[in-house]
Amino acid sequence: MRAVRIQEYGGPEVLKVVEAEVPEPGPGQVSIDVAYAGVNFADLKARAEGYRVPSLPFTPGLEVSGRVRAVGADVTGLVVGQEVAALADGGAYAEVAVADATTVFALPEGVDLRTGATLPTVLPTAHALLHEVGRLRAGETVLVQGAAGGMGTVAGQLAKAAGAGAVYGVVSGAAKAEYALKHGYDEVFVGDRWADEVRAATGGRGVDLALDPVGGETFRRSLEALAVFGRLVSFGNASSAEPWQVGQPELYPGGRSVAGFSILMLARTAPGVLREVAERAFGTVVDGTVTVPVTEEFPLSEAAEAHRLMGSRTSTGKLLLRVADRIR
């Protein structure tokens, strides 16, 4: 089979298409004939920095859609040929991928394989950030960093559907701002002055809930942008900055709180909870509450180009790799 592998860490050019052995599922696992693989920022960090890479060579990729190829021992509820979406612990940039059965989901009725590849990380993450972790209530205000990306696009729609009083986004350029405004955002701030603009937009009050995948200085400024009793949810460290230490001086004066979320860690520690969140999240696509726009699609052989685009910070929406030559 074809697979995209890295032999060393570096830029997009280290992604190479190779011939590899077809993996077999172990107990509690399934193998999947991959139709599409999602491209996520975590894949770029794996390629460049070794994020969550156990050893080299390594095949990146966390989410796939396709058809069940084989099932391992002790797997129930999944059958060969079934259309599924899956959250994998790496290995998705390949014609065949293996995932734990606990993170393999039958595609909901009416959802095709192309859309299915957008679901495993983005939908459950956005849902958890807003509801399970962020505990958003109707009428509250929300601030989302990276509002034009795959997760940001979904978070804006979900927040608006939940009755948020106002949904604010932060992006890096004017074109991204225009894009985000089509996906649930009331106002989108461009550039480095967003903290002041948030305060101005809220009459100095701040926001009730802030979602931050960037870390570092953005984390600190997001904390400062919170209203009294506001919540900040950290779900990444795209800046690769040293983690901030938050304690009594930052939290006590306004009764603020900080929480964290990682869908990959939840998959390991509480897969049953992840399934519950995913089922609720997938339902928002089925009922039309949310759409996950695929803005760019690349063949597997052009994985490096997909990484270059995402790394350029000019991409919007969701990026996919089309893996299967023919998709029925």
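A residue is called buried here when its relative accessible area is under 20%, exposed when over 50%, and partly exposed in between. The structure described is a predicted model.

**Helix H3**

By that rule, the buried residues of helix H3 are Val122, Leu123, Pro124, Thr125, Ala126, His127, Ala128, Leu129 and Leu130. Just after H3, arginine 135 has a positive phi of about 50 degrees.

**The annotated domain**

An unreviewed UniProt entry lists residues 10–321 as "domain: Enoyl reductase (ER)". Over residues 10–321 the chain is 31% helix and 26% strand. The end C-alpha atoms of this stretch lie 20 Å apart.

**Salt bridges**

Side chains of opposite charge can pair when their charged atoms come close. The count for this model comes to 18 salt bridges.

| Pair | N to O distance |
|---|---|
| Arginine 69 and aspartate 33 | 2.8 Å |
| Aspartate 89 and arginine 52 | 2.9 Å |
| Glutamate 140 and arginine 137 | 2.9 Å |

Arginine 69 is partly exposed, at 38% relative accessibility. Aspartate 33 is also partly exposed, with a relative accessible area of 31%.

The salt bridge between aspartate 89 and arginine 52 has an N to O distance of 2.9 Å. Here both residues sit in loops: aspartate 89 in the loop between strand S5 (83–87) and strand S6 (96–100), and arginine 52 in the loop between helix H1 (41–49) and S4. The pair therefore ties together parts that are 37 residues apart in sequence. Aspartate 89 counts as partly exposed at 48% relative accessibility, and arginine 52 as partly exposed at 26%.

Glutamate 140 and arginine 137 form another salt bridge, with the closest N and O atoms 2.9 Å apart. Is glutamate 140 buried or exposed? Glutamate 140 is buried, with a relative accessible area of 7%, whereas arginine 137 counts as exposed at 54%. Elsewhere, salt bridges that share partners join Arg52, Asp89 and Arg268 into one network.

**The loop between H1 and S4**

Arginine 52, found in the loop between H1 and S4, has a positive phi of about 60 degrees although it is not a glycine. Proline 57 lies in the loop between H1 and S4 as well. The peptide bond from leucine 56 to proline 57 is cis, with omega near 0 degrees.

**The cavity**

Rolling a probe the size of a water molecule over the atoms shows where empty space is left. How many cavities of 30 Å³ or more does a search of the whole structure find? The search finds 1 such cavity. About 90 Å³ of space lies in the largest cavity. The residues that line the largest cavity are Ala42, Asp43, Ala46, Tyr51, Arg52, Phe58, Pro60, Gly61, Leu62, Asp89, Gly90 and Leu264. The largest share of this lining, 3 residues, comes from H1. The lining also includes Arg52 and Asp89, the two residues of the salt bridge at 2.9 Å described above.

Trp244, Val246 and Val258 form a nonpolar patch on the surface. Together they have about 230 Å² of accessible area. Valine 246 is placed in the loop between strand S12 (226–234) and helix H8 (248–251), and it counts as partly exposed at 32% relative accessibility.

Arginine 313 is placed in the loop between helix H11 (303–311) and strand S15 (318–322). Its phi is near 65 degrees, a positive value in a residue other than glycine. At 57% relative accessibility, arginine 313 counts as exposed.

Technical notes
Residues numbered from 1 in each chain as written. Predicted model: local features only at pLDDT ≥ 70, side-chain atom pairs only at ≥ 80, totals over all residues. Heavy atoms only, no water. Patch = residues over 30% accessible without salt bridge, like charges linked within 9 Å, V, L, I, M, F, W, Y side chains within 5 Å. Areas by Shrake-Rupley, 256 points an atom, 1.4 Å probe, with all protein chains shown as cover. Salt bridge = Lys/Arg side-chain N within 4 Å of Asp/Glu carboxyl O. Helix = DSSP H or I, 4+ residues; strand = E, 2+ residues; numbered from the N terminus. Buried < 20%, exposed > 50% of the residue type's maximum accessible area, 1.4 Å probe, protein only. UniProt positions renumbered as here; feature names shortened; annotations may be inferred. 1 Å grid on protein atoms, 1.4 Å probe; cavity = no way out; pocket = protein on both sides within 12 Å on 5 of 7 lines; lining within 4 Å. Points joined across faces, edges and corners; volume = space filled by probe spheres on them.
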